[in-house]
Amino acid sequence: MSENIETLQRSTRVIPAPPEMKAQAHIQDYETAYKASIADPEKFWEGIAKELHWFSPWHKVLEWNYPWAKWFLGATCNISYNCLDRHVQTWRRNKVAVIWVGEKGEERIFTYAELYRQVNKCANALKELGLTKGDRVTIYLPKIPEQIVAMLACARIGVIHSVVYSGFSAPALQTRIHDCESKVVITADVGYDRSKTIPLKPVVDEAVANCPTVEKVIVVQRETTSTPIQAPKEINWDDLLKDQSTKCEAEQLDAEDPLYILYTSGTTGKPKGVLHVHGGYMVGTYITTKYVFDLKEEDVFFCVADPGWVTGHSYIVYGPLLNGATILTAEGKPDYPNPGRWWDLIEHYGVSTFYTTPTAIRLLMKYGEDWPAKYDLSSLKILGSVGEPINPEAWEWFHRVTGGTKPIMDTWWQTETGAIMVTPLPCVDLKPGSATRPFLGIEADVTDREGNSIPHGGGFAVIKKPWPSMMRTIYKEPERYLLYWNTIPGVYTAGDVCHKDEDGYMWFMGRADDVVKVAGNRIGTAEVESALVSHKAVVEAAVIGKPHKTAGEMIKAFVILKQGQTESPDLIKELKNHVQQELGKIAAPREIDIVQSLPKTRSGKIMRRVLKAKELGQDPGDISTLDE
Ligand code: PRX
């Protein structure tokens, strides 16, 4: 981890929780509720778990064999049952579960009963293909309802889903399919981006060509003119589901049975397969959705994430459906066809909870306040932000254009934590730019390198005790899991630098390791470096994150060329394209500098923080280990 713990400028404004909101909130007094929850976390989590359905009860809440945790031991459950069956057995049967709006303005609405039928059909179809409990399925779909159906169908029969964001390129997809040895890949012919058609099946064709474990590819056909399906390996989604029964009993799974693997970037070139399980993840996502967004029966919950990332898993699919909520999900960009897109959806569907990202807010800020002012946003109750630090200026803008009274929940968490960890609740006083205090049952803190709590000041964000929705391991790489709990003795190290103020409010300031957050997307510098050096002209590369006005951070690469190669604008362009082809558009460097040497330690490790300090004109800190 970097030795530098910078302190960013912080806003001193305090915005008291709106009294009328506090008076009707699920949690009205944070201090009392928090104290009680951490006095006996197992009792707290057990109480929450009892709000959900279990086929058989646990005999022990937690087995903590440091750093390995098991929650709800001996219990059987199924998250898909809790998202669907639990509601279709009640009046919620005909409540709207999902409103989907496509890029071209199409609308599809699923009641809980309809979603249940689709999921059951899909689950039966997957069974027909021979999938059984523990098998893996890769879902590489654009943001369409079939993504949600496929995830819940896998969960229903105990199959582990691995959703891969549809912006990843063929080699990146291949690595992810290969690592978890998926038997089936679910994809679509195309996705859309600002009205451009993005072919997806050719990406899958290329990836699957080198993945011998893949037996079948299921294709959602969105366009009539797309490439024909190559039978027998490829099957059309509609054909496969058409005659399936709408009943498929949810598998009674052990609480610790895996639910999904989600690949995320770390500090090496290989993505990490973060593994979550049915029981604990269900409890964590259920209660955070309910308390953080103060979810009520009549709410419409609009989360702008893509289910390709963890926010989509936890706060489009699982958390809201566990609560029987109505979700709005929309394909496409916030400024297409115009910058009123999301405000229009909020007005049209009467959205009450709007969960978005700092990058999207900063993008919308650029178009000015006239756009939100055109729409009736009075249905909004609670706002949310996630994925990267939100600068006070963006916070204030978001607050102001939505009426100036709606609280913003700045939620800090990670793929690994499964659910929100540090966040305001609607009853908590806010400070723009701070994620405020830990969620109930979570002992988050800021410590020094030795794990000593810092009363106030800068340090490392840590979590001191296990929690139900924590990842259980890194798939096939338990040694990488151990690193989270070994880096600072006795605690889970998040990898973030954080400042704790006099009121115990936490201000997350960015990553302490070699992870860059581009528009909230997590990119490992090592992944980009290895993509660069796979180009024939490159001998060595170093990548840093550099502040960017809209995206928060952007990727900058420093590259040493092989002998005989000459620098040219065309070569730089080619290198950018090469990374895009290897990893995807989100990972392509915005700037590339050709250099003669890179700063290294005597043992040969590239000192990226020295490069970064130089780039930003800052003090590089301790450079005693620098070779030259
Ligand atoms: O650096 C933190 C940042 O995002 C990282 C986790 O990234 P990922 O696993 O992709 O999950 C993103 C969605 C939960 C964290 O280590 N981060 C996330 N939320 C915030 C944040 N940084 C500051 N403030 C936040 N609210």
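Predicted model: local features only at pLDDT ≥ 70, side-chain atom pairs only at ≥ 80, totals over all residues.
Local features need pLDDT of at least 70 and side-chain atom pairs count only at pLDDT 80 or more, while totals for chains, interfaces and linings use all residues. Residues are numbered from 1 along each chain as its sequence is written, and side-chain values use heavy atoms, with hydrogens and water left out.

User: How many residues surround the ligand?

Analyst: A residue is near a molecule if one of its heavy atoms lies within 4 Å of it. The closest residues are D410, T415, D496, R511 and R522. The number of residues surrounding the ligand is 17.

User: How many residues of the shell around the ligand are charged?

Analyst: Asp, Glu, Lys and Arg count as charged; Ala, Val, Leu, Ile, Met, Phe, Trp, Tyr, Cys and Pro count as nonpolar; and the others, Gly among them, count as polar. The shell has six nonpolar and five polar residues. The number of charged residues in the shell is six.

User: How much of the ligand's exposed area does the protein bury?

Analyst: A polar side-chain atom of D496 lies 2.5 Å from an oxygen atom of the ligand, and an N or O atom in the side chain of R511 is 2.7 Å from a ligand oxygen atom. Taken alone, the ligand exposes 540 Å² (Shrake-Rupley method, 1.4 Å probe). Of that area, the protein buries 96%.

User: Which residue in β17 is the bridge partner of W100?

Analyst: Strand β4 (residues 96-101) and strand β17 (residues 326-330) run parallel and are joined by four bridges. In β17, the partner of W100 is T329.

User: How many residues of strand β15 are buried?

Analyst: Buried means under 20% relative accessible area, exposed over 50%, and partly exposed in between (1.4 Å probe, protein chains only). On one side of β15, K272, V274 and H276 are buried, and on the other G273, L275 and V277 are buried. Of the six residues in β15 (residues 272-277), the number buried is six.

User: In which sense do β15 and strand β23 pair?

Analyst: Strand β23 covers residues 473-474 and is joined to β15 over two bridges. In β23, the bridge partner of L275 is T473. The sense of the pairing between β15 and β23 is antiparallel.

User: Is S37 buried or exposed?

Analyst: S37 belongs to helix α2 (residues 30-39). The C-alpha atom of S37 is separated by 8.2 Å from that of I442, which is 405 residues apart along the chain. Because its relative accessibility is 1%, S37 counts as buried.

User: Which residue has its backbone nitrogen 3.0 Å from a polar atom of the side chain of H535?

Analyst: H535 is found in the loop between α17 (525-533) and β28 (538-548). At 6% relative accessibility, H535 counts as buried. The backbone nitrogen that lies 3.0 Å from a polar atom of its side chain belongs to A537.

Methods:
Polar contact = N/O pair within 3.5 Å; in protein donor to acceptor, adjacent residues only side chain to side chain. Pairing = 2+ DSSP bridges.
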